[in-house]
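Subject: Handover of a structure with its ligand, pockets and cavity

Dear colleague,

Please find below the structure that I am passing on to you.

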Amino acid sequence: KAQNVFHDSYDPVEASAKRSASVDPLEDNFSILFIGIDDSDERDYQGNSRSDALILATFNKDQKSIKLLSIPRDSYVYVPAKGVTTKINAAHAAGGPKATMDTVEELFDVPVDYYVRMNFNAFIDVVDSLDGIEVDVPYEMHEMDSHDKKNAIHLEKGIQTVDGEEALAFARTRKQDSDIQRGERQQEVLKAIISKATSAGSLTKYTDVMEAVGDNMTTNLQFSQIKGFIKYVTGDNGLNLETLKLEGQDSTINGTYYYQLNETSVANTKLLLQSHLNLGPKEVTNQ
Ligand code: C30
């Protein structure tokens, strides 16, 4: 394996078919798909895990801004790897990160350049390496831990610093509201991770942990590229980050629950993402 990559985590995929030239996160606008999978050391779904947390992040170099779009896991979309319209989280079970990236590209007609995929254990390691993150817990919760031990995590309502296990419970819990609000909590968590990871002093520890997460995390980003964009997102004006959501309705098709995305919301999101990535005719092929 090439130097300058995470030892066990680096997993290159084919470049996006929507790019005509290669992308450099130090120079260009680009996108990263964050994929949280429902797998852990105990569960070990052997590659058939589903992507239960899906966040598309777009980075604009001139504005030094980031947009985070949460894509509900039950979204009813066309999954190219399966050739059918079904739940978006089935793409990962069908063909891993690449199939998930292709599905998101198809949905919004934007290139997905990079991905970072983690299971429960890697997520916990990342949050713990940052000495926890600050979140706003909306209500008192009793949730299971990463070993699926019931009621192992207890959080009080309010703003607080949570450790890895607690952050995972916060990102997984949905019984008191819904998967849509859970998606909003995941955006909050990702924002808190980015904000803490890019604050002064975090980087050295972060390097150690990225190596420790091993194959619980995979990414097609090289470490030099990550270091580069960490600098890029910490401009003089701090973090310029906006969270986006998709509108939709609950829907049951042939007895299965789906989240039916609102067409206008998808169309508007498409335009917003294309404009944030500053995609002109040169950068997007018209396939
Ligand atoms: C390398 C770079 C650039 C940066 C590194 C640092 C960064 C930025 C890392 C990013 C971290 C990531 C990937 C962030 C993205 C999003 C987040 C916040 C992911 C967090 C957690 C994660 C790894 C996966 C989340 C998976 C989720 C949301 C759920 C899976 C329920 C069943 C049937 C019951 C079950 C019940 C609960 C909690 N569970 O958890 O338990 O399978 O959830 O809703 O499917 O299951 O329903 O009724 O059996 O008990 O209620 P789950 P479910």
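For the residue classes used below, Ala, Val, Leu, Ile, Met, Phe, Trp, Tyr, Cys and Pro count as nonpolar, Asp, Glu, Lys and Arg as charged, and the others, Gly among them, as polar. The model is predicted, and local features need pLDDT of at least 70, side-chain atom pairs count only at pLDDT 80 or more, while totals for chains, interfaces and linings use all residues. Residues are numbered from 1 along each chain as its sequence is written, and side-chain values use heavy atoms, with hydrogens and water left out.

The largest pocket

A pocket is an open set of points on a 1 Å grid over the protein atoms alone, with protein on both sides within 12 Å along at least five of seven lines; a cavity is a set of points where a 1.4 Å probe fits but cannot get out, and lining residues have an atom within 4 Å of a point. A volume is the space filled by probe spheres set on the points, which are joined across faces, edges and corners.

The largest pocket holds about 1,100 Å³ of space. Its lining consists of 47 residues, and Gly36, Ala53, Phe123, Leu168 and Ala171 lie nearest its centre. This lining divides into 28 nonpolar, eight polar and 11 charged residues. Its largest share, seven residues, comes from α4; helices (H or I, at least four residues) and strands (E, at least two) are DSSP runs, numbered from the N terminus.

The ligand

The ligand sits in the largest pocket, in the sense that more than half of its atoms lie within 2 Å of the grid points. Around the ligand are 30 residues, the closest being Arg73, Met144, Arg172, Arg174 and Arg182; a residue counts here if one of its heavy atoms lies within 4 Å. By class, this shell has 18 nonpolar, three polar and nine charged residues. β1 (30-37), β2, α2 (120-129), α3 (164-172), α4, α5 (203-212) and α6 (223-232) each supply at least two of its residues, and α4 gives the most, with five.

Of its 16 lining residues, Ser70, Pro72, Asp179, Ile180 and Gly183 are the closest to its centre. The elements giving two or more residues to this lining are β2 (51-60) and α4 (179-197), and α4 gives the most, with seven.

Yours sincerely
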